[in-house]
Amino acid sequence: MDAQPAAPEPAAVHLSVRDHIAFIAVDHPPVNALSTAVRRGLMDAIAQADADADVHAVLVHGRGKAFIAGADIREFGLPPQAPSLPDVCLRIEACGKPVVAAIHGPALGGGLEVALSAHYRVAGPSAKLGLPEVLLGLLPGAGGTQRAPRLIGAEAALDLMLSGRHVGAPEALRLGLIDRVATSDDVLTEGEAFVRHVLAEQMPVRRTGALSDALADRAAAQAAIDAARAEASKKRGLFSPLKIAEAVQAALDLPLAQGLAVERALFEQCLASPQRAGLVHAFFAEREVAKVPEARQAQPRRIASAGVVGGGTMGAGIAVSLLDAGLPVVMVERDDAAVALGRSRVEKVYDGHVAKGRLTPEGKAAVMARLHGATDYAAFQEVDLVIEAVFEDMAVKHAVFAELDRHCKPGAVLATNTSYLDIDAIAQATSRPQDVIGLHFFSPAHIMKLLEIVVPAQVSADVVATAFALATRLKKVPVRAGVCDGFIGNRILAVYRTAADHLMEDGASPYEIDTMVRAFGFPMGPYEMSDLAGGDIGWATRKRRAATRDPKARYVHIADQLCERGWFGQKTGRGWYLYEAGSRNGQPDPEVEAIVAEARAQAGVTPRHFTVDEMQRRYVAAMVNEGAKVVEEGIALRPLDVDVTLVHGYGFPRWRGGPMKHADIVGLGQILADIRAFAQEDPLFWQPSTLLVKLVAEGRTFDSLNQI
Ligand code: T1G
């Protein structure tokens, strides 16, 4: 039998006419992204409506949960298909009859640009309007940089474009982005009523590109542009903010057609930038990480209440995270004093919100009323989930989980926040290993987005699915990790920190290394980070690992020598840097440099100079190589899981996409060649990952492994 012809794609845009109004509906789930089919459908529909004598006005709206979420990000980097979005917007704007955009849900990027090319706009309570292209390394490339300033002025337009923030309907009305706030999300009905109002009042076809009032005060506009330029040049590394300022300058100085040409040229430059590739990768990776096998295989358990063991820094932070998600929380500590201290740590966070006007005193009281302290594990007997955050010692964890096993109801999820201990071993302390999982929060737990969900051998799929569902409620970025020392993030951190120590002993100062790492795009370098977190933490890890460390492995003693002096960093007034009383800005310490020099002499090292490029290549190669090992061992499901972990937990610059994306952009062959060159000096430390070698041999990228 002949193959059946593929079922035709459902139309992405529908046109219907009723009582002299043309209704153009965008219908391209899940978010009405402006794919080629949508652009083509819009172009055809507006041309048809414009030509139809029976049509006196046009209403454009979105079906489903969005107006239009923007250009189809999946199409970036592919050969462009006609019609281009700028041309679609020009055609809508040129329509001889009034065009009204009725907005509910996201109208973002190209979606807002379509709305701006309409002559009027109505938005409902769920509307989210914005120009977030900067978050993708881009700029509004379909007239947004030219029409938004003409409609709402340079300053407001630049704020939207440089922040990428979303505005709701009331603020959009105040800004002048829209003409009416709909009382409900039935924007079709209220939009139609507005269209009839436009017709009844014989309101003009008001083309945004032809407006000039909002830019009439040229001095104010120029001042806003200059301020934006100054601000943009402070955003180290980011490419598109400066281009946005240039595009708005064109809106101020040039007629629309020429301004659009400038915008197009600048957009193409952003599109070609590696930053767009990195940021688009990060956008999708942050969504793909939640797509794990267990979440497809099983339904999550219901979590309506939670418990935390421990009211220390981590326990209190986790309690805040759970309270912020609306859950009632039971906090158990060893005695009343510790319970009170834990409660006060939680309360301090909410006092901060009240002080900043983010929370009313009543709101704070309501949250705190959901927190109950206890000293007896019996208080956990009704909760659906308990997260343990006590001292990092296996005997202590065993005792805690034995108690949880005794008191928690059947089906309760028992989670540990351990940052490196063996969770399989912890699970063995209970009669229900299938309910035990790792939830590794990062300090401060209520602020840091990353949540490593560590999956022990015996955990059931529905508990893993529950952990991912909980991460969504906590607004965390979840990454599935296997059980090993350090899981994904801390394991990779230990290796690139060692690479930094090797560089230091070989001739680079800790201060040069920190500067190099900041220049790469991290917010701070490894030694500044150590001083911030406390050098004693790393010291304890090194001491813990001493017994199992390969005696043939190179070991740099410098960090230990500082810790032996009690120089732990900011909390002791000195670490790698010297801190004036109360200051967080450290100064290089000549005594540290003397210790480094002495260590080099002891190690028989003749110090050599390293260029920034040489240091960055070593630092990155160590990170990528260990990341590849983490993937090949199955500790991380995909390279993108390593990317998301390093970006959201370790400060890796998001505009580079993550270490594995960065390696793809640099070229895996280059990374492997670097590793092989460094291995000439230290073959034990620089053992290339077999996965990396294989990918290079096959001419593949890490990205080719990102589909599971
Ligand atoms: N293109 C393609 N897919 C998109 C998409 C887009 N613009 N936006 C979302 N998706 C997919 C997403 O990957 C996920 O897929 C599903 O939709 C649900 O998304 C020319 C150049 C709209 C606020 O930056 O901010 O226009 O995982 O999980 O939490 O000037 O998605 O289900 O397979 O995030 O409800 C500008 C990006 C583009 C908006 C919805 N627009 N999207 O959030 O759902 S550049 C944006 C979002 C542009 C023009 C320029 C959010 C959302 P899957 P989700 P959500």
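Q: Taking buried to mean under 20% relative accessible area and exposed to mean over 50%, where does Asn 32 fall, buried or exposed?
A: This is a predicted model, and in it Asn 32 has a relative accessible area of 2%, so Asn 32 is buried. Asn 32 sits in the loop between strand E2 and helix H1.

Q: What is phi of Asn 32 near?
A: Phi of Asn 32 is near 60°, which is a positive value in a residue other than glycine. For context, most residues other than glycine have a negative phi, and most peptide bonds are trans.

Q: Which peptide bond is cis around Pro 30?
A: The bond running from Pro 29 to Pro 30 is cis, with omega near 5°. Pro 30 is placed in the loop between strand E2 (21-26) and helix H1 (36-51), and Asn 32 also lies in the loop between E2 and H1.

Q: And what kind of peptide bond joins Ser 443 and Pro 444, cis or trans?
A: Ser 443 and Pro 444 are joined by a cis peptide bond whose omega is about -5°. Pro 444 belongs to the loop between strand E14 (436-441) and E15, and Ser 443 is likewise placed in the loop between E14 and E15.

Q: How accessible is Ser 443, and what is Ser 443 in contact with?
A: Ser 443 has 46% relative accessibility and therefore counts as partly exposed. Leaving aside neighbours within four places in sequence, Ser 443 is in contact with Thr 313, Met 314 and Met 448.

Q: Which residues of the helix with Met 314 are buried?
A: In helix H13 the buried residues are Met 314, Gly 315, Ala 316, Gly 317, Ile 318, Ala 319, Val 320, Ser 321, Leu 322 and Leu 323, so that 10 of the 12 residues are buried and H13 is mostly covered. Helix H13 covers residues 313-324 and reaches 16 Å from its first C-alpha to its last, close to the 16 Å expected at 1.5 Å a residue. Just after H13, Gly 326 takes a positive phi of about 90°.

Q: Switching to H26, how many of its residues are buried?
A: 12 of the 12 residues of H26 are buried, so H26 is largely enclosed by the rest of the structure. Among them are Pro 639, Asp 641, Asp 643, His 648 and Tyr 650.

Q: What do the buried residues of H26 pack against?
A: They pack against helix H11 (274-288), strands E15 (450-454) and E16 (477-481), and helices H19 (489-506), H25 (612-632) and H27 (659-666).

Q: On to the ligand: which residues are closest, and how many surround the ligand?
A: The ligand is surrounded by 27 residues, of which the closest are Ala 71, Glu 113, Glu 133, Arg 287 and Lys 291. By class, the shell has 16 nonpolar, four polar and seven charged residues.

Q: Which elements supply at least two residues of that shell?
A: Strand E5 (106-108), helix H3 (110-117) and H11 each supply at least two residues, and the largest share, three residues, comes from H11.

Q: What distances are there from the ligand to the side chains of Lys 65, Glu 133 and Lys 291?
A: An oxygen atom of the ligand is 3.3 Å from an N or O atom in the side chain of Lys 65, and an oxygen atom of the ligand is 2.7 Å from an N or O atom in the side chain of Glu 133. A polar side-chain atom of Lys 291 lies 2.7 Å from an oxygen atom of the ligand. The protein covers 77% of the 1000 Å² of accessible area that the ligand has on its own.

Q: Last topic, Thr 466: buried or exposed, and what does Thr 466 touch?
A: Thr 466, in helix H18 (residues 461-473), has 4% relative accessibility and so counts as buried. Not counting residues up to four places away in sequence, Thr 466 touches Pro 300, Arg 301, Ile 303 and Val 413.

Q: And Lys 475, exposed or buried?
A: Lys 475 has 62% relative accessibility and therefore counts as exposed. Lys 475 is found in the loop between H18 and E16, and phi of Lys 475 is near 55°, a positive value in a residue other than glycine.

Methods: Residues numbered from 1 in each chain as written. Predicted model: local features only at pLDDT ≥ 70, side-chain atom pairs only at ≥ 80, totals over all residues. Heavy atoms only, no water. Buried < 20%, exposed > 50% of the residue type's maximum accessible area, 1.4 Å probe, protein only. Helix = DSSP H or I, 4+ residues; strand = E, 2+ residues; numbered from the N terminus. Contact = heavy atoms within 4.5 Å. Near = heavy atom within 4 Å. Polar contact = N/O pair within 3.5 Å; in protein donor to acceptor, adjacent residues only side chain to side chain. Areas by Shrake-Rupley, 256 points an atom, 1.4 Å probe, with all protein chains shown as cover. Nonpolar A, V, L, I, M, F, W, Y, C, P; charged D, E, K, R; others polar. Expected span 1.5 Å × (residues − 1).
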